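Colleague: Please give me a close look at a single part of this model, and then carry on to whatever else deserves attention.

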Amino acid sequence: HQLYANFHTKDYTTLFAVAINYIQFHNNQRRRESSVSAGNDASGSGSAAAPAKSSVQNVALSQYVFIMAYQIIDVFFLSLPTRLKSEVVDHIVMGLLRANYSRTGLDEANAVCLDMILKNYNRSSDEILKLADAVFAEDLGPVVERSWLQHNAIVTIRAQMRGLLAQIIVRSASGTTLRVVDLPAEVRKKYAERIELPPMSPPISPTTDSPSSSLGPAVARAQSRGRSISRSRRLHSLAMPGAPSVPSEANTLPQDSIKKLLLGELVTNNAAMNRAAHLPISFGPAPCLAQEFITAYPGLQNIDPPELLPSGAEAIARSIRVFDTMNTVDTYKVSVVYVGPGQTTEREILLNQQGSPVYWNFLRGLGTITRLSGMKGFSASLDTSGNDEDGRYTIRWRDLVSQLVFHVGTLMPAREDKHEQIIRKKAHMANDYVQIVFNESGRDYEFDTIPSQFNYVQIIVTPVDGTISTREEEIAWPHGETQDAASPENDKTMYVQLYKVMTQVNPSVPFYGPAIEPKLLTLTALPAFVRSIAIHAAILSNVFSSCKKADSSAAEFISPWRARLRTIHRLRQNAQREAAKSPPTPGADVCGDSLSDFGDIVSNPVQATTASQALGFLVKDLNMFIGRA
């Protein structure tokens, strides 16, 4: 964080430009290779005249850098203060449109990136992390449930039949969010606000003046909530010198551009090629009361309304359950191996249940110590049933786009007389592509000490002889750092142990990292440095493994976000088939959905006394709005 703490808008746009330029280079290279291949096929020249096929290593390395370019965009955009997001969004989206590989539609990688931008446009990084926690069904008891598709997202409301609570779940390619609300109270509140709103209130947008506060307290509240949502007049692409300070109509894309992009279409306006073009993102009041709650993109204007999914279709319900099992962030598993003094064999190392104080301090810096029993979300196949077959604790870490779970050897049971425990421990650790080895053996650690076909990258941490002095005014003294006994009491000089970090890499894997050449670090800086190397090594290893299995120069690594996007597309196709074969039933609403399970349908939201009644009103209100549109 200290590296970019003082960045301004122009610094971020430069950073995003580097990533976008590589994406464009990568896609241009793909087009050239595709053109050459098509030309050879058409001419019948055969493989003799064709260029040499790219090696798996080259393909994997290219894919890795391509993925990292998008990760730069994702991580830095999500970490930006909301006031800066509006100032860089034009630069990002317009750059991605220029770099788009397909000539007929929006690339999947760009589609999920756009979804990430629109969902998190007005959220802080702390809020994103909180919302990104694993989502699990609350124990609401008997509920009425309805789901809708809105572009590349699924909105579900689960309302108590006799109580007041409801879950509102938004599932999209770039994540899943959930909130539990008192639905009748929230509906009444929004209804009262909308009564105060005059009809056809203009949306908050960068190209129109903000509505006057005289329009009522509801607009004032919307303005207050949307301070980070509404985009200022100075919004424009700052990447080009001399770019205008106010977006003009000439370089502003059509108002339906966001809707087209969310539908996977390319914006064909000539302004799409203009580096200073402005993307018309605007936020304002929802077009109807129901869309205050039933929406994947709260307040976003000029998009399609949600489409109700058939409520009785088991195929749809099963697809949503499967979707909920898919990762919302990139997940990685990494082994941590402790090698004690004089140890050289696999069995000695696997039997380790203890480590030095310095080793334990290093572990604490890698992540959060987490109880395995009942642990939710990604567990790297560790036992979370409460039987403690893989120990009581593990260490895990996460940021805005990644989650890492460590297979820590010393936290797993392994007794000399329990052969099955040793086998289980090795099954976890030897099947990880990346291993962190804390080596206090006094000897070099051999790559095949714990042999496995999955050994790709090993990060070796070794204490070195000697210390380094520091005179920091305030410093934490973890194990391994001591004050000089000979120095005066008022002397802040400390002599800190150094640790060598270097990587050993399987010759077939094209990994290049900061520790290919040995680096020396203090214990304070060591865990974060090693964790960063481990994450990048895990990403490359996953990409390499995927390319190796495909055995093709056209191999492509599919990220969790892209996999989720494909699942939503399949869900849409299934919903269309279900709708075609299920005609409306008597007593159904305008979309053919039965309203009988909502209880007494109320004509005014003020009359709703249960969450199910409030949901019934929202379903009816949305269907009436769609029928009028």
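Modeller: Let's begin with Ala380, which counts as buried at 2% relative accessibility (buried is under 20% relative accessible area, exposed over 50% and partly exposed in between, with a 1.4 Å probe and protein chains only). Its place is in the loop between β7 (368–371) and β8 (393–398), where helices (H or I, at least four residues) and strands (E, at least two) are DSSP runs numbered from the N terminus. Although Ala380 is not a glycine, it has a positive phi of about 55°.

Please keep in mind that this is a predicted model, in which local features need pLDDT of at least 70 and side-chain atom pairs pLDDT 80 or more, while totals for chains, interfaces and linings use all residues. Residues are numbered from 1 along each chain as its sequence is written, and side-chain values use heavy atoms, leaving out hydrogens and water.

The loop between β7 and β8 also holds Asp388. Asp388 is another non-glycine with a positive phi, here about 60°, but with a relative accessible area of 23% it is partly exposed.

Now for the rings. Arg371 has its charged end over the ring of Tyr393, 5.8 Å from the centre (a charge sits over a ring if Lys NZ or Arg CZ is within 6 Å of the ring centre and within 35 degrees of the ring normal). Arg30 lies over the face of Tyr101, at 3.7 Å from the ring centre. Aromatic pairs number 14 (rings of Phe, Tyr and Trp, the last by its six-membered ring, with centres within 6.5 Å; stacked means planes under 30 degrees apart, edge-to-face over 60 and tilted the rest). Tyr433 and Tyr456 form a stacked pair, because their ring centres are 4.7 Å apart and their planes lie at 5°. Tyr433 belongs to the loop between α12 (419–429) and β10 (434–439) and Tyr456 to the loop between β10 and β11 (457–470), so this pair ties together parts 23 residues apart in sequence. Tyr433 and Tyr456 are buried. Elsewhere, ring pairs join Tyr338, Tyr359, Trp360, Phe362, Phe438 and Tyr499 into a cluster.

Two polar side chains are worth a visit as well. Asn110 sits in helix α4 (residues 108–119) and is buried, at 2% relative accessible area. A polar atom of the Asn110 side chain lies 3.2 Å from the backbone oxygen of Leu96. Leaving aside residues up to four places away in sequence, Asn110 touches Tyr70, Leu96 and Asn100 (contact means heavy atoms within 4.5 Å). Gln497, in strand β13 (residues 494–505), has a side-chain polar atom 2.5 Å from the backbone oxygen of Val464.

Helix α14 (residues 560–581) has 22 residues and should span 32 Å at 1.5 Å a residue, which agrees with the 32 Å between its end C-alpha atoms (the expected span is 1.5 Å times one less than the number of residues). Among the buried residues of α14 are Trp561, Arg562, Arg564, Leu565, Ile568 and Glu578.

Finally, the cysteines. Cys288 is buried at 4% relative accessible area, and Cys547 is buried at 1%. The structure holds zero disulfides (a disulfide is a pair of cysteine sulfur atoms within 2.5 Å).

How values were computed: A polar contact is a pair of N or O atoms within 3.5 Å; within protein, one must be able to donate a hydrogen and the other to accept it, and residues adjacent in sequence count only if both atoms are side-chain atoms.
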